[in-house]
Structure formats: structure tokens, C-alpha cells
Amino acid sequence: MCIRDSITFSGNGEPTLHPEFAGIIDDTVALRDKYFPAVKISVLSNSTRLEDAAVCEALKKVDNNILKLDSAITSTMRLIDRPNSPDFTSEKVIDRIARFGNKCIVQTMILRGSHNGIQVDNSTPEEVDALIRAYKKIKPAEVMLYSIDRKTPEEALVKVEKDELERIAGLIRKEGIKVMVS
């Protein structure tokens with residue numbers, strides 16, 4: 001039998017969209033505590049459901065509450081993440097993530113290129129400065145920086161190489177924020 005070190009909710013969709021998400025987390029915690037108490041529970045979320053109190057309470061129960069913030073500038077965030085709601089803004093997401101403080105990990109994908117002919121680049125000084133301000137407001141346990149790792153449906157987007165991710169991470173670390181680059 002192979003035992004993993006993490007039970008992770010992620011995949012081709014948003015785990016917090018499930019109508020029984022809170023109950024699923026409660027059941028998972030109970031089963032983990034009974035059978036594999038050393039195993040961590042992780043949830044990778046796109047942060048779109050943080051206005052739901054039950055979702056937030058469930059996320060507080062997991063060991064690794066990993067919340068997406070790909071840009072602190074709404075126009076860029078909307079290009080990258082394409083949220084359905086016109087009311088979904090970076091400011092609202094930052095405020096909602098900040099409620100978790102050090103009980104969350106913020107995950108940010110750095111990329112550049114174009115989407116439907118519109119340039120997108122969240123590695124610019126303006127974008128990085130806005131992200132740093134957001135991270136300082138949120139005060140997460142850690143920031144995870146990464147870039148595109150495989151082919152995307154949008155062929156005009158390109159990977160930001162690891163050395164540049166490390167340079168950006170260095171700017172964030174200067175502000176006293178823990179950063180992991182992958």
C-alpha cells in the first residue's frame with residue numbers, strides 16, 4: 001500500500017463549487033484523523049467562492065488552503081482567469097483572501113503573451129509591485145510562484161523561465177514574505 005503525504009482537492013474545476021463542499025471537508029478531516037492523522041489535507045482554489053461563509057469555514061479546516069491570485073490588477077486578472085461574474089475584481093479577491101491571513105498559501109501563475117490578441121504580462125514592474133502590495137495586505141503563510149508548465153488552450157501564452165521567477169521572488173522576499181518557486 002502506498003500512502004501519500006497529502007489529500008488534495010483540485011483538478012479540472014473548482015472544488016469549492018460542489019454544493020456539499022463543507023460536508024466533504026468535514027468527512028475528509030474525520031477520516032484522515034481516524035486513519036492517517038499525519039497526512040495533510042490541501043485544497044487548491046481559484047478564490048471565486050470566498051464570499052460563501054460555509055466555503056471559508058471549510059477552507060479554514062484544511063492544512064493547506066491554497067488560494068489563487070494571478071494579478072492584483074483587475075484588468076490583467078480578468079484576462080488570465082476569465083471569471084464569469086463582472087463584479088469579480090482583484091480588490092474583492094484580495095480582501096477575501098486577506099481574511100485568511102497566515103492560514104492560507106497564495107498561488108500566483110506568472111505568464112506573458114496574448115489572449116484573443118490582447119497582450120497579457122503579469123511579470124511587469126507594475127504588476128509585481130501590485131502583487132507585493134496585495135501579499136503584504138494578505139499576510140499569507142507563503143506565496144507559490146510558478147509559470148505555465150504545459151501546453152495551454154491559448155497558444156500565444158508563454159512560460160516565464162525559472163530565473164525570472166526567482167528574480168520576482170527575490171523582490172517579494174525583500175518585503176519579508178516567504179516565497180516558493182516551482
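Reply: Begin with contact, which means heavy atoms within 4.5 Å. Keep in mind that this is a predicted model.

Me: What covers the buried residues of helix 4?

Reply: The cover includes strand 3 (64-68), helix 3 (74-81), strand 4 (105-109) and helix 5 (125-138).

Me: Which residues of helix 4 are buried?

Reply: Buried means under 20% relative accessible area. In helix 4 (residues 90-98) that applies to Ser90, Val93, Ile94, Arg96 and Ile97. Viewed down the axis of helix 4, these buried residues fall within an arc of 165°, so they line one face of the helix.

Me: How should I read the sheet, and in what order do the strands come?

Reply: Two strands pair if at least two bridges are found between them. Here six strands make an open sheet with parallel pairing, in the order 1-2-3-4-7-9. Strand 1 (6-9) and strand 9 (179-181) are the edge strands, each pairing on one side only. From one strand to the next, the twist averages 20°.

Me: How many bridges join strand 4 and strand 7?

Reply: Five bridges, in the parallel sense, pair strand 4 with strand 7 (residues 142-146). Threonine 108 stands opposite leucine 145 in strand 7. Helix 5 lies across both strand 4 and strand 7, and runs at about 165° to strand 4.

Me: Which residues lie nearest the centre of the largest pocket?

Reply: Lys68, Asp70, Asp81, Met109 and Tyr146 do, out of 47 lining residues. The volume of this largest pocket is about 1600 Å³. Helix 3 gives the most to its lining, with four residues.

Notes. Residues numbered from 1 in each chain as written. Predicted model: local features only at pLDDT ≥ 70, side-chain atom pairs only at ≥ 80, totals over all residues. Heavy atoms only, no water. Buried < 20%, exposed > 50% of the residue type's maximum accessible area, 1.4 Å probe, protein only. Helix = DSSP H or I, 4+ residues; strand = E, 2+ residues; numbered from the N terminus. Arc of directions from axis to C-beta. Axes fitted to C-alpha atoms, helices over the stretch in contact; angles between N-to-C directions. 1 Å grid on protein atoms, 1.4 Å probe; cavity = no way out; pocket = protein on both sides within 12 Å on 5 of 7 lines; lining within 4 Å. Points joined across faces, edges and corners; volume = space filled by probe spheres on them.
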